[in-house]
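Thanks for coming. I will take a few minutes to walk through one model, starting from a cavity and ending with a sheet.

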Amino acid sequence: MKFLVVGSGGREHAIALQLAKSERVEEVIVAPGNGGITGTKITTIAISEQEHQNLADLAREKHVDYAIVGPEVPLLAGLADVLEEAGVPTLGPSQKAALIEGSKDFAKQFMKKYAIPTAEFQTFTDYETAKAYLDKQGAPIVIKADGLAAGKGVVVAETMEIATIALKDMLLEDKFSKAGEHKVVIEEFLSGEEFSLMAFVNGEAVYPMEIAQDHKRAYEGDKGPNTGGMGAYSPVRHIDSSLVDTAVRTVLEKTALGLVQEGRPFKGILYAGLIATEEGPKVIEFNARFGDPETQVVLPRLESDFASLVADLLDGKVPDVRFKTEGTTLGVVLASSGYPGDYETGKPLKRLADLTDEVHVFHAGTKAEKDGAFVSNGGRVLLLQTEAESMNAARAKLYKEMEKLDDPNFFYRMDIGTREE
């Protein structure tokens, strides 16, 4: 089989490597990829994820059997529809189904309609009305920009001052949306343990993966602004399996069925960001694709053949979905200094060659120079991942290697996975 993987980050690197493990796979084409996405059977071709027709032409020209779309932006722009129309079965929802991630307001109204557990909320487009509601509710409270914001359009406001600044940024400035399109969702603050639950979905058929825990805040102790994710681990053993089973039943299966009933059948990866409250699991957010960095710690735990799994799912068959039952997989992100705010690129990654085979490197915001060295080319630069028998052992191995990348141009969190110790 031949696969096309669309995207350029660490998630796509993990997807490509997992596909390439299969004896049934002849070639994995990653477009556009990055300089660090290499490996046996893996080819990168510099076609942007925005070039939908060129990607479809590439898939036909290379006789690609299946495609996987990694990032959310091309899905919301309809890339999966274009690829399907070109005769390429695609793991990625249609533009209509991807709206479950593309609009916070749509997702919340959908959950309300189908009785899917989530926080109480109100949606606003007018600042004064929103501010009056905010003053009535008080803090802590959650403010969300309606559209895509690369994981940065959510503010968990512990104080009214922080909440008011977030409201101004989202409704009075063009920070997260174009002029005239400003919309926010204001949600009640929920307390509890957060976890990520992804599933392979085709219509009403839902096949859940092993759960992971992501660390969204930039700094240690879960402080600072939200990011796209600073690290993750899987499995999450202190989240009870019965609670996960409840989430599959009350969230994933109800969402898949609801989208079918809405005329938006979902085919791809449905991601639920969940919180374990005293009333049971509730939805914080939906994504319409593999999470990043969760993919880098969940996919390597897959025991079944990933390529066969994708092929069977897209062909309407029951896929073989099995994960390792032992050990822990841990990943930590190296980010550019200043991220998720302003940061500089082009900074050399001086000691990548010194890393041992104790860790796997998933390239995200990197660029290969002519001499083979790498420099930074994004906010989240790369992720180091390792597997071990326990979390303590995984942390000891991984952070020993992370120390080699210490540099004032970059930073990383030292506390990824400590909740599991």
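**A cavity between two domains**

Domain 1 (2-96) and domain 3 (193-315) each contribute residues to the lining of the largest cavity, so this cavity lies between the two. The domain bounds come from an automatic or database domain assignment.

Before going on, some ground rules. This is a predicted model, in which local features need pLDDT of at least 70 and side-chain atom pairs count only at pLDDT 80 or more, while totals for chains, interfaces and linings use all residues. Residues are numbered from 1 along each chain as its sequence is written, and side-chain values use heavy atoms, with hydrogens and water left out.

A cavity here is a set of points, on a 1 Å grid over the protein atoms alone, where a 1.4 Å probe fits but cannot get out; lining residues have an atom within 4 Å of a point. Grid points are joined across faces, edges and corners, and the volume is the space filled by probe spheres set on the points.

How many cavities of 30 Å³ or more are there? The count is one. The largest cavity holds about 40 Å³ of space. Its lining consists of Ile68, Val69, Leu91, Gly92, Pro93, Gly268, Ile269, Ala288, Arg289 and Phe290. Seven of the lining residues are nonpolar, two polar and one charged, where Ala, Val, Leu, Ile, Met, Phe, Trp, Tyr, Cys and Pro count as nonpolar, Asp, Glu, Lys and Arg as charged, and the others, Gly among them, as polar. Strands β4 (66-69) and β16 (267-277) each supply at least two lining residues. Strands (E, at least two residues) and helices (H or I, at least four) are DSSP runs, numbered from the N terminus.

The assignment also gives domain 2 (120-188) and domain 4 (328-411). Between the C-alpha centres of domain 1 and domain 4 there are 24 Å. Nine residues of domain 1 are in contact (heavy atoms within 4.5 Å) with seven residues of domain 4.

Now the sheet. Four strands form an open, antiparallel sheet in the order β6-β9-β7-β8, where pairing requires at least two DSSP bridges between two strands. β6 (121-124) and β8 (154-157) are at the edges with a single partner strand each, so one side of each has no neighbour in the sheet. β6 and β9 (residues 184-188) pair over four bridges, with Thr123 opposite Val185 in β9.

Finally, helix α7 (residues 127-137) lies across β6, β7 (141-145) and β9, at about 155 degrees to β6. Axes are lines fitted to C-alpha atoms, for helices over the stretch in contact, and angles run from 0 to 180 degrees between N-to-C directions.

Technical notes:
On a 1 Å grid over the protein atoms alone, a cavity is a set of points where a 1.4 Å probe fits but cannot get out, and a pocket is an open set with protein on both sides within 12 Å along at least five of seven lines; lining residues have an atom within 4 Å of a point.
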